[in-house]
Amino acid sequence: MTDIAQSHDRLLIVDFGSQVTQLIARRLRELNVYCEIHPFQNVTPDFLSEFAPKAVILSGGPASVIDEGAPLPPPEVFELGVPVLGICYGQQAMMHMLGGQVLRGDGTAEFGRAYVTPTDHATDLLTGWFLEGREQVWMSHGDHVARIAPGFEVSGTSPNAPFAVIADVNRRFYAVQFHPEVHHTPNGKTLYENFVKIAGFTGDWTMEAYREQAVQKIREQVGKGRVICALSGGVDSSVAAVLIHEAIGDQLTCVYVDHGLMRQGESEQVVGMFREHYNLPLIHADESELFLGRLEGVSDPETKRKIIGGLFIDVFQKHADELGGAEFLAQGTLYPDVIESVSFSGGPSVTIKSHHNVGGLPEKMGMKLVEPLRELFKDEVRALGRELGLPDSFIGRHPFPGPGLAIRCPGEITREKLEILRKADAVYIDQIRKHGLYDEIWQAFVAILPVRTVGVMGDGRTYDFACALRAVTSVDGMTADYYPFTHEFLGETATRIINEVKGINRVTYDITSKPPGTIEWE
């Protein structure tokens, strides 16, 4: 249990490896409820006694409770006397352990959109939920509950899930076969609101409280040591830097690494802003030749990320040595970064892609990590930034990945392609701002594709690069939908890019959601 947890009512989320477990935490934080995610194997009786949760949620997961050695919570979870909510696999684990029966799919599997209708057995979990006689939910299960455990009654059904919502009201045990945390269950938040009311949470989790507690935690961790902060100029690292500076003052030195993969004018803007508006010690490290030299000829996306991550470490080590040594390296690592690289606490989630700022530090650095945002989602970081007094114009900037344009340039990276990409991206963002759309979009960028296409400009033949425009809406980066630009906007933007950016003769628009895609191309 973290130090911050001790001053709040606590909800425990037991993680069985679902890719959307973090969204459960996100929904609860919207309700000002403090929660922590822990993998099932770490949830021992001793842990439960120390953590003392006021309620427990059992997450979804990819396993089958029927298989030998399937992940299960300890039986003591059901002996705490607190409300328990099982979600998807969590429902099946609950039934399996409490006397119900779970069977293989055999035609009852259900993936995607479904509709749940109520039964005569009301439960407080569903108060105010069935507004139009049925509710849309998102199902994702192969196995199914064939018999519910003694004491449970059915409160909601769907065509392929006759036990879609079940409850043992006396023991305050509840379970649903669907995922109320995802966007495709539109009114899932209502279920969580009802669950935390049943558990008696007071909603004392706020960014004001987090700020105070995070400052104290940083001071306790760092003591009188020196910290260098990896400052990218993005919202995450900037909020981390301001927060850490509030905690330890001039013990912090920020290092802005220009790796040659920044957007047009980015380095000048970032360095200028911090030197003019924030009294933070700042080193501008122009390492573009180093990074681009090492990336030459590399096309595999994972190799790119690992090279960039390794070089970042080398650069920070060099500047730490120049400062006379530093005991800590600070980063703006967030929850979504971690869940896509490894499970947050070492759980069973499948790795999607590595992140340059996730996975610890090599022993040769002799430094420890300070990551005050590691448990926050992007919109929580923005709320914290406002709490710290950062301007809205800065807090509202679209996310920009640490590896920069390297992961928006599929295939081999060349200086020519990077320059084309910078110009195209600048035109695209200018268009978005001119049309007043910037604040409606979570993230927008151009990716230059590793193909050349034939075109006609004037009376001549061209053989230039194609590019893809990407713009998504999201609240936390875990799921995303493409932004519905008008055809007029897309046509106008494509014309500008082709006319103003030498080297591109074809423009496409990426309409892939997340999942199945990721927001970035690599």
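In which sense do strand E12 and strand E15 pair, and over how many bridges? I looked: E12 (residues 227-230) and E15 (residues 328-330) pair in the parallel sense, over 3 bridges. For my own record, two strands pair if DSSP finds at least two bridges between them. Helices (H or I, at least four residues) and strands (E, at least two) are DSSP runs, numbered from the N terminus. I also picked out one bridge: Cys-229 has Ala-330 in E15 as its partner.

Before going on, a note on the source: this is a predicted model, where local features need pLDDT of at least 70, side-chain atom pairs count only at pLDDT 80 or more, and totals for chains, interfaces and linings use all residues. Residues are numbered from 1 along each chain as its sequence is written, and side-chain values use heavy atoms, with hydrogens and water left out.

**The sheet**

I traced the whole thing next. It is an open sheet of 5 strands with parallel pairing, and the order reads E14-E13-E12-E15-E16. Strand E14 (282-286) and strand E16 (368-370) sit at the edges with a single partner strand each, so one side of each has no neighbour in the sheet. On average, neighbouring strands here are turned by 30° against each other, direction ignored. Angles in general run from 0 to 180 degrees between N-to-C directions, with axes as lines fitted to C-alpha atoms, for helices over the stretch in contact.

Then I checked what packs on this sheet. Helix H6 (residues 235-248) does, touching E12, strand E13 (252-258), E15 and E16; contact means heavy atoms within 4.5 Å. The direction of H6 makes about 160° with that of E13.

Most residues other than glycine have a negative phi, and most peptide bonds are trans. I went after exceptions.

Which peptide bond joins Lys-514 and Pro-515? A cis one, with omega about -15°. Another cis bond joins Pro-515 and Pro-516, with omega about 15°. I found Pro-515 in the segment after strand E20 (504-509), and Pro-516 is in the segment after E20 as well.

Asn-32 has a positive phi, near 60°, in the loop between helix H1 (21-30) and strand E2 (34-39). Cys-88 has a positive phi too, near 55°, in the loop between strand E4 (84-87) and helix H3 (89-98).

Buried or exposed? I noted Cys-88 as buried, at 4% relative accessible area, and Asn-32 as partly exposed, at 31%. The cut-offs: buried is under 20% relative accessible area, exposed over 50%, partly exposed in between (1.4 Å probe, protein chains only).
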